[in-house]
Amino acid sequence: MAWLGFISARACRHWQDASPFLPAFSFYERHQSAPIDAAPQAIIHAVQALDMRDDPLIRRLLALRQLPDRLRRRTTPARPFGFDSFTPLHQDSHELSLGLAGRFWRPTLVLPRPEDARRFLQFADPDAAKLVLRFKVVADQIGQTRLRTETFVYCPTPQVKARFACYWLLIRPASGWIRRRTLSAVRRKLAATASSFQP
């Protein structure tokens with residue numbers, strides 16, 4: 001159903017629990033944390049407070065991705081990429097969804113950033129892809145609490161899908177590695193917070 005994260009139109013039509021902000025999508029990736037001993041709301045709050053750039057390895061990868069943009073600007077530094085580059089779409093006690101739109105495959109990472117969920121839904125550039133990153137607190141088969149990340153990507157035309165597919169295959173290993181380190185960082189942060197309150 002999902003070979004290397006490529007999703008067929010048939011699989012998409014029968015997908016369970018797809019993001020309402022991208023009911024149609026062609027690419028999907030999912031990662032899940034180890035068990036976390038914290039309330040769902042605390043986990044989501046920890047995600048919100050996390051700065052990916054605090055991790056030196058993630059910071060280097062993000063800087064490498066933005067290198068063409070920094071070289072092009074020369075004197076004007078590129079805005080560092082992070083969660084604040086996304087459009088907030090939805091948040092509750094168990095979920096945080098963020099949106100991103102643009103021509104991700106281009107060397108320079110220029111992102112239009114719709115202001116809110118309504119503008120994100122209305123965004124309809126035929127030459128750009130749309131991405132939803134969802135953090136969701138779930139219970140596993142034995143009732144342990146885990147944090148899951150899901151990435152959904154929609155491409156409006158076959159041409160955009162072909163361009164994004166090349167980019168997807170190139171960045172998917174690094175993207176998955178960043179997601180896993182992000183999940184581990186959230187888990188460590190909550191564990192450290194819990195231990196600081198112990199007598």
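Guide: Gladly, starting with a term: buried means under 20% relative accessible area, exposed over 50%, and partly exposed in between, using a 1.4 Å probe and protein chains only. This is a predicted model, where local features need pLDDT of at least 70, side-chain atom pairs count only at pLDDT 80 or more, and totals for chains, interfaces and linings use all residues. Residues are numbered from 1 along each chain as its sequence is written, and side-chain values use heavy atoms, with hydrogens and water left out.

Visitor: Okay, so is Arg103 buried, exposed or partly exposed?

Guide: Arg103 is partly exposed, at 24% relative accessibility.

Visitor: And which residue does Arg103 form a salt bridge with?

Guide: Its partner is Asp125, with the closest N and O atoms 3.5 Å apart. A salt bridge here is a side-chain nitrogen of Lys or Arg within 4 Å of a carboxyl oxygen of Asp or Glu. Asp125 is also partly exposed, at 24%.

Visitor: How many salt bridges does the structure hold?

Guide: Eight. One of them joins Asp55 and Arg181, whose closest N and O atoms are 2.8 Å apart. These two sit 126 residues apart in the chain. Asp55 is buried at 11%, while Arg181 is partly exposed at 26%.

Visitor: Which residues are linked in a network of salt bridges?

Guide: Asp17, Arg134, Lys136 and Glu150. Within it, the Arg134 and Glu150 side chains meet at 2.8 Å, N to O, and both residues are buried.

Visitor: Switching topic, how many disulfides are there?

Guide: Zero in the whole structure, counting a pair of cysteine sulfur atoms within 2.5 Å as a disulfide. Cys12 is buried at 11%, whereas Cys166 is exposed at 57%.

Methods. Helices (H or I, at least four residues) and strands (E, at least two) are DSSP runs, numbered from the N terminus.
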